[in-house]
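Me: I've got a model open and a few quick questions. Can you walk me through it?

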Amino acid sequence: MNRVIHFVLGSLALLLACSTASGQGCFQPHFGIYTSVVGDGYTIHTAVTMEGYTTVNCSMTSATHKVEAENVISTTGGWTSSGSGCPTCYFSVTGNDTFTGVSGEIYNWVWDGEAVCTVFGTFLNNGGTGSLPGCLVPSTEDTDDQGWNGSIYRELFEMTLSDTNGDSFDSHTIQEYTVQPGTNTCWWNGSGLVQYPETQNSHWTVGASTHNQWGFDEIGWDLTDLDNIVQNGPRNGVSFPCVATIYQGMQIECNANLWWNYRTDAITITVNNVGDNTEENCRAGECGVPVTFSYQMGGQRKTWWALIFKPVDSSGPPRSSPQIKAVKEAR
Amino acid sequence: MIRYVIVLVLSMFALGAWAQSSPPLHQHNITAPNLIDGAVHPELIPDSVAYRLYFVAVSIGANPTEAERTRQRVRIMSTGVKNTDQQTLISILSGFRAKYDALVDEYNTSAKEAAARNQTTDAHPLVKEIDALVQSTRDMISAQLSSQSAAKLHAFVVSEKKNMKVTGENQ
């Protein structure tokens, strides 16, 4: 009788030991999971990738492993499996889903990545859910420098939206947001400048003057700030060129305050004092020509700055105007 | 005593049967204790790991379907890479995929053979080879794409860390 009891209790102990073995040194997962969402017109492309391997520290002769990716938008999509392999095999799987949304609708997105062992079951599982709005989304935004406007001391950038279907984005509202706080090597304590520059959350209407275009995104420091940087920066530890970087995200309005984040960019404002004092402004890798500025000395400007390399043509058709003036300064 | 043991065993089976007949639920996350969430700590995900995941996700194998091509094109367009550089990038990614698959296939063949002999294999040499492949692919991108497109792709991949999760030893 005692043998029966010992057998049963021993079996129970073994079962419990097996169930915890995976998490306590029998094997260790080394995986990466990556999810992506891309909009193109009304089409939504999502992908879930899981990739990596497992270090095995115990005997697993009969076991096999596999990795799986779940990618479901509304009722479409499902699980994609790598297929089974040995426990120490290297696995890679990507589950894709493509869905065409309807404007105004919101769709549930479920994603998951998991690693499964035939002996220990699922030993790594990480997923989540999200909401994807049906929305007309540009897959491309091209940035064009339109030159320097000396009257407001800003570089002007104009953007063109497009998708693979050639849709019109005219009359759609877009806005900027801060992806993360920026950096500013022109800053010093007491400078009055912002240490972590951000966007001003401006918004614009696409196509106000030109089909599928919006702008201007106006970028630069005020002249008083430039004065401050070149005159007081060196004795406060600023080395040149110094750069302010703003991490700008762009959103397009789907409807009623529902927005789709369609891209992120970096805005940089570079100030240099080698030779002439210059400021160079860039958006999404597109840069204006460095412009020279004068600085204030004894209440008077040393030289009235005059260099305008690419003046804005005021005789042409009116440009699209932002609904809120889009002055982009790091203050 | 015997009754006690029998009840215990039956309870275990009943518990197992209940678990198997339960409706499928979305599993709770079973995370590795050292899982790094790029949405919280992007700085802890090295660029090399971010590029590896991105290359694996966006590259497609030989003889892709039209849907796969479209999906890849849209994903590349969304990076901001110039139109004139996009085809070059697609070619580079195609080369990456072929080499990546070959490396993984070769390793997995030896791993399966070792498993049949009740031996385990060390994946670290493979990981190093994949890291080298990722680096050479990045070098090709820098050399063959315009500097503007290469910079945009780099900014995009780095920004995508927010959508990545990696185990600590995956670096």
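Me: Is B:Lys161 buried or exposed?
Reply: B:Lys161 is buried, at 7% relative accessible area. Buried means under 20%, exposed over 50%, partly exposed in between (1.4 Å probe, protein chains only). Mind that this is a predicted model: local features need pLDDT of at least 70, side-chain atom pairs count only at pLDDT 80 or more, and totals for chains, interfaces and linings use all residues. Residues are numbered from 1 along each chain as written, chains are lettered from A in the order written, and side-chain values use heavy atoms, without hydrogens and water.

Me: Where does B:Lys161 lie?
Reply: In the loop between α6 (147–159) and β2 (164–167) of chain B. Helices (H or I, at least four residues) and strands (E, at least two) are DSSP runs, numbered from the N terminus.

Me: What lies 2.7 Å from a polar atom of its side chain?
Reply: The backbone oxygen of B:Ile45.

Me: Switching topic. What is the strand order in the open sheet?
Reply: β5(A)-β2(A)-β1(A)-β2(B)-β1(B), with antiparallel pairing. Two strands pair if DSSP finds at least two bridges between them.

Me: Which strands stand at the edges?
Reply: β5 (91–100) of chain A and β1 (35–37) of chain B. Each has a single partner strand, so one side of each is left without a neighbour in the sheet.

Me: How many bridges join β1 and β2 of chain A?
Reply: 14, between residues 27–40 and 43–56. A:Asp40 stands opposite A:Thr43 there.

Note on methods
A polar contact is a pair of N or O atoms within 3.5 Å; within protein, one must be able to donate a hydrogen and the other to accept it, and residues adjacent in sequence count only if both atoms are side-chain atoms.
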